[in-house]
Amino acid sequence: GGWVPTIEEANNIIAGWVNEYSKRPHRGLKGICPIDILETGLGPGIDEEELRHLMMSIDIKQVDRNGINFMGRNYYDESLYGLKERVTIKYDFEDLSKLYVYDLTGVRLICEATPLEPVHPMAKILGTKDDMASLKEGIKLKRSLKKGTESIARSYIDMAPELIEMPEKKAEGIEHGAKSKKTELPRSVAERIEAEASEMKVLEIKPKKKEPVYLSEPDRYEVLLERECKGEDLDLDDMTFMRYFENTGIYKSLESRFEFLRETYLLDDSISNESTI
């Protein structure tokens, strides 16, 4: 009749037909229904929560004083207090009520961060009772974390050894406070030194180029990947590292991210070349 089902409607129709067919006795199965055979052979299955965790998306984020900014919201946990570095996050787009925060390698779980409720910027003047309660709770948490940090610092200071005052070193043969006699060089010696100094060549010593400092192996690979995609020549040590890192478990867990970066770098490079032409 000209009716065209949507993808969702077509999926429901097919699923309904398969469900109905599975409950019919089948001659090829000696009168047994397919659903009975399926349920008999079913194993214990897997935990749906574990499967969902394995399928989570992964990203790298920087922790700041407000926690982790993600999808326009700030996620926070007390474990992030004082942390000023990049971390790996895992999340489920169907449930953004929390982020699983790991260290940059993605191995050590730091915490489960939850979104912070926005606080009214003028809560004391224009805010409601709920705004004032949120503000007070935020201030209370901040003071508590600060007090805990100061307490830990004081305990380290209490355990530190007392400073030892080193005795002043005295020059051999010279009494403390005594003045040394000034000795003059003979004229012949002074003239010889001046002559030798005039013949000396000044050598220009250029400082050695500083080696780049990387926070981690994924950070180093990301920098080298960008250079490689832009056609820069890499030295043997960097090329060897890239091939080694591509066979590690850390790379495999972040492979989708690196493939995305590779495509982005190659696309940016091609656009740059076209604009130059």
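Strand β6 covers residues 109-115 and pairs with β5 in the antiparallel sense over four bridges. Two strands count as paired if DSSP finds at least two bridges between them. Helices (H or I, at least four residues) and strands (E, at least two) are DSSP runs, numbered from the N terminus. The hairpin of β5 and β6 has six residues between the strands, and Gly106 takes a positive phi near 80° there.

Strand β5 (residues 95-102) also pairs with strand β4 (residues 86-92), in the antiparallel sense and over four bridges. A hairpin of two residues joins β4 to β5, and Asp92 has Asp95 in β5 as its bridge partner. Strand β4 pairs in the antiparallel sense with strand β1 (residues 57-62) as well, over six bridges. Gln62 has Arg86 in β4 as its bridge partner. How many of the seven residues of β4 are buried? Six of the seven are buried, so β4 is largely enclosed by the rest of the structure. Buried means under 20% relative accessible area, exposed over 50%, and partly exposed in between (1.4 Å probe, protein chains only).

## Confidence and conventions

The protein has an average pLDDT of 79, and 69% of the residues score at least 70; pLDDT is the predictor's confidence in each residue, from 0 to 100. Confidence is highest in α1, at a mean of 94, and lowest in helix α4 (residues 129-159), at 61.

Residues are numbered from 1 along each chain as its sequence is written, and side-chain values use heavy atoms, with hydrogens and water left out. Because the model is predicted, local features need pLDDT of at least 70 and side-chain atom pairs count only at pLDDT 80 or more, while totals for chains, interfaces and linings use all residues.

## A nonpolar patch

Ile14, Trp17, Val18 and Tyr21 form a nonpolar patch on the surface, with about 420 Å² of accessible area together. Accessible areas come from the Shrake-Rupley method with a 1.4 Å probe, and for residues only the protein chains shown count as cover. Patches are made of residues with over 30% relative accessible area and no salt bridge; like charges are joined within 9 Å, and nonpolar side chains (Val, Leu, Ile, Met, Phe, Trp, Tyr) within 5 Å. Ile14 lies in helix α1 (residues 7-22) and counts as exposed because its relative accessibility is 54%.

## Helix α6

Helix α6 (residues 217-229) has 13 residues and reaches 18 Å from its first C-alpha to its last, close to the 18 Å expected at 1.5 Å a residue. The expected span is 1.5 Å times one less than the number of residues. Among the buried residues of α6 are Tyr221, Leu224, Leu225 and Cys229. Gly231 follows α6 and has a positive phi, near 85°.

## Salt bridges

The whole structure holds 13 salt bridges, each a side-chain nitrogen of Lys or Arg within 4 Å of a carboxyl oxygen of Asp or Glu. Glu232 and Arg227 form one of them, with their closest N and O atoms 3.0 Å apart. Glu232 is partly exposed at 41% relative accessible area, and Arg227 is partly exposed at 25%. Both belong to a network of salt bridges that also links Arg220, Asp237 and Asp238.

Arg243 and Glu246 meet in a salt bridge of 3.0 Å, N to O. Another joins Glu259 to Arg262, at 3.9 Å between the closest N and O atoms. Glu259 and Arg262 lie three residues apart in helix α9 (residues 255-276), about one turn of the helix.
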